[in-house]
Every structure is written in structure tokens, then in C-alpha cells.
Amino acid sequence: MTLTTTTHLNFRGVARQALDFYQSVFGGEITAATYGDVGMPAGVPGADKIVFGQLQTADGIRLMAYDVPGQDDPDASATAGSTHRENGATITDRTFFQSLRGDSLDQITSYWDALADGAVIVEPLAASAWSAGFGMLTDRFGVTWVLDVQAG
């Protein structure tokens, strides 16, 4: 038996933009359906929003995205919460972070550079006691990412 987990990200009307952004970062293929595609009348507000969206890459990255009905708000701070570093500790009111771990600093740096566009840097990408590269950021869609290089 094989099991996988997939992060399911909930957005307030910007799931399509988020999927397109993550595809520009990671590559892969997007599958998406709107509320209208699954039966909501076309004239109803929100019929064009994403009820099911997924990005899947050949190397195993998979993210799902969804627009919460009636919750349109393009301001990521509405759902981003607060995360910062203080005295070597991460202080947050978020219930989760999205972790991305790679085999090399070059690989992680390329993802970092792309995700950092429009992001709030929590901890700059740099060598740490446990990794050749570790960093945290909250991207333009309010998702906090932890990127690091697998310890070897």
C-alpha cells in the first residue's frame, strides 16, 4: 500500500493566481475546476473561482488549492498570520508551515529565489548548524515556507 500527503491550501479568491505562481516556481502541470464547472450557475458570484486545483511536478511536488466560497480577499495578510524569528526561535500563530527540502544548496536556492518574489523574509537563506542552507519566508499568497538542504 502506498500513501501520500498533499498540502491543500485554502485561499480567498486567488487560488488560480497562486497555482500559476507555484507553477512558475516548480514547473509541473495544473489541473483545475471552477465552481461553475461542477454545476454552480454561471451568473452566481464566485462561479469562476477554484473548487479543485492541483499542481503536480515530475519530481514529486504536489500542492492543492481551493477558493473558500464567499471569501474573496486578495490581501494575503488576511490569512497569513504572523511569523518572525526572535532570539533564535520561530514565533508564529500559524497552524502549519510548508516545508521544502532538497539535496543541494543550488537546488534550494533556485526555489528560494523564485518564492521570495513578493515575499516577506522571515529568516534569510543561509548555512545553519544543521543544514548547508536554511531559510523561511511567507510568500505573496500568505504561505510560510521552510526551505532547507537535507543534512548529509
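User: How much space lies in the largest cavity, and what makes a space a cavity?
Analyst: The largest cavity holds about 60 Å³ of space. On a 1 Å grid over the protein atoms alone, a cavity is a set of points where a 1.4 Å probe fits but cannot get out. Grid points are joined across faces, edges and corners, and the volume is the space filled by probe spheres set on the points. Rolling a probe the size of a water molecule over the atoms shows where empty space is left. The model is predicted: local features need pLDDT of at least 70 and side-chain atom pairs count only at pLDDT 80 or more, while totals for chains, interfaces and linings use all residues. Residues are numbered from 1 along each chain as its sequence is written, and side-chain values use heavy atoms, leaving out hydrogens and water.

User: How many cavities of 30 Å³ or more does a search of the whole structure find?
Analyst: The search finds one.

User: What makes a residue part of the lining, and which residues lie nearest the centre of the largest cavity?
Analyst: A lining residue has an atom within 4 Å of a point of the cavity. Eleven residues line the largest cavity, and Arg-12, Val-14, Asp-73, Ala-76 and Thr-79 lie nearest its centre. The elements giving two or more residues to this lining are β1 (7–11) and α2 (77–80). Helices (H or I, at least four residues) and strands (E, at least two) are DSSP runs, numbered from the N terminus. By class, the lining has six nonpolar, two polar and three charged residues. Here Ala, Val, Leu, Ile, Met, Phe, Trp, Tyr, Cys and Pro count as nonpolar, Asp, Glu, Lys and Arg as charged, and the others, Gly among them, as polar.

User: How do you know that β1 and β4 pair?
Analyst: Two strands pair if DSSP finds at least two bridges between them. β1 and strand β4 (residues 62–67) have five bridges and pair in the parallel sense. Leu-9 stands opposite Ala-65 in β4. Strand β3 (residues 50–56) is joined to β4 by four bridges, and these two run antiparallel. Gly-53 stands opposite Ala-65 in β4.

User: Which contact of the Thr-7 side chain is called polar?
Analyst: Thr-7, in strand β1, has a side chain joined to that of Gln-98 by a polar contact of 2.6 Å. A polar contact is a pair of N or O atoms within 3.5 Å; within protein, one must be able to donate a hydrogen and the other to accept it, and residues adjacent in sequence count only if both atoms are side-chain atoms. The value of 2.6 Å therefore falls within the 3.5 Å limit.

User: Why is strand β10 described as enclosed or open?
Analyst: Six of the six residues of β10 (residues 144–149) are buried, so this strand is largely enclosed by the rest of the structure. In a regular strand the side chains alternate between the two faces of the sheet. Thr-144, Val-146 and Asp-148 point one way from β10, Trp-145, Leu-147 and Val-149 point the other way, and all are buried.

User: Which strands pair with β10?
Analyst: Strand β7 (residues 98–102) pairs with β10 in the parallel sense over five bridges, and Arg-101 has Asp-148 as its bridge partner in β10. Strand β9 (residues 134–138) is joined to β10 by five bridges and runs antiparallel. Leu-137 stands opposite Trp-145 in β10. β9 and β10 form a hairpin with five residues between them, and Gly-142 in the turn has a positive phi of about 90 degrees.

User: What makes the phi of Asn-87 worth a remark?
Analyst: Most residues other than glycine have a negative phi. Asn-87 is not a glycine, yet has a positive phi of about 55 degrees. Asn-87 sits in the loop between β5 (83–86) and β6 (89–92), and these strands form a hairpin with two residues between them. At 80% relative accessibility, Asn-87 counts as exposed.

Key. On a 1 Å grid over the protein atoms alone, a cavity is a set of points where a 1.4 Å probe fits but cannot get out, and a pocket is an open set with protein on both sides within 12 Å along at least five of seven lines; lining residues have an atom within 4 Å of a point. Buried means under 20% relative accessible area, exposed over 50%, partly exposed in between (1.4 Å probe, protein chains only).
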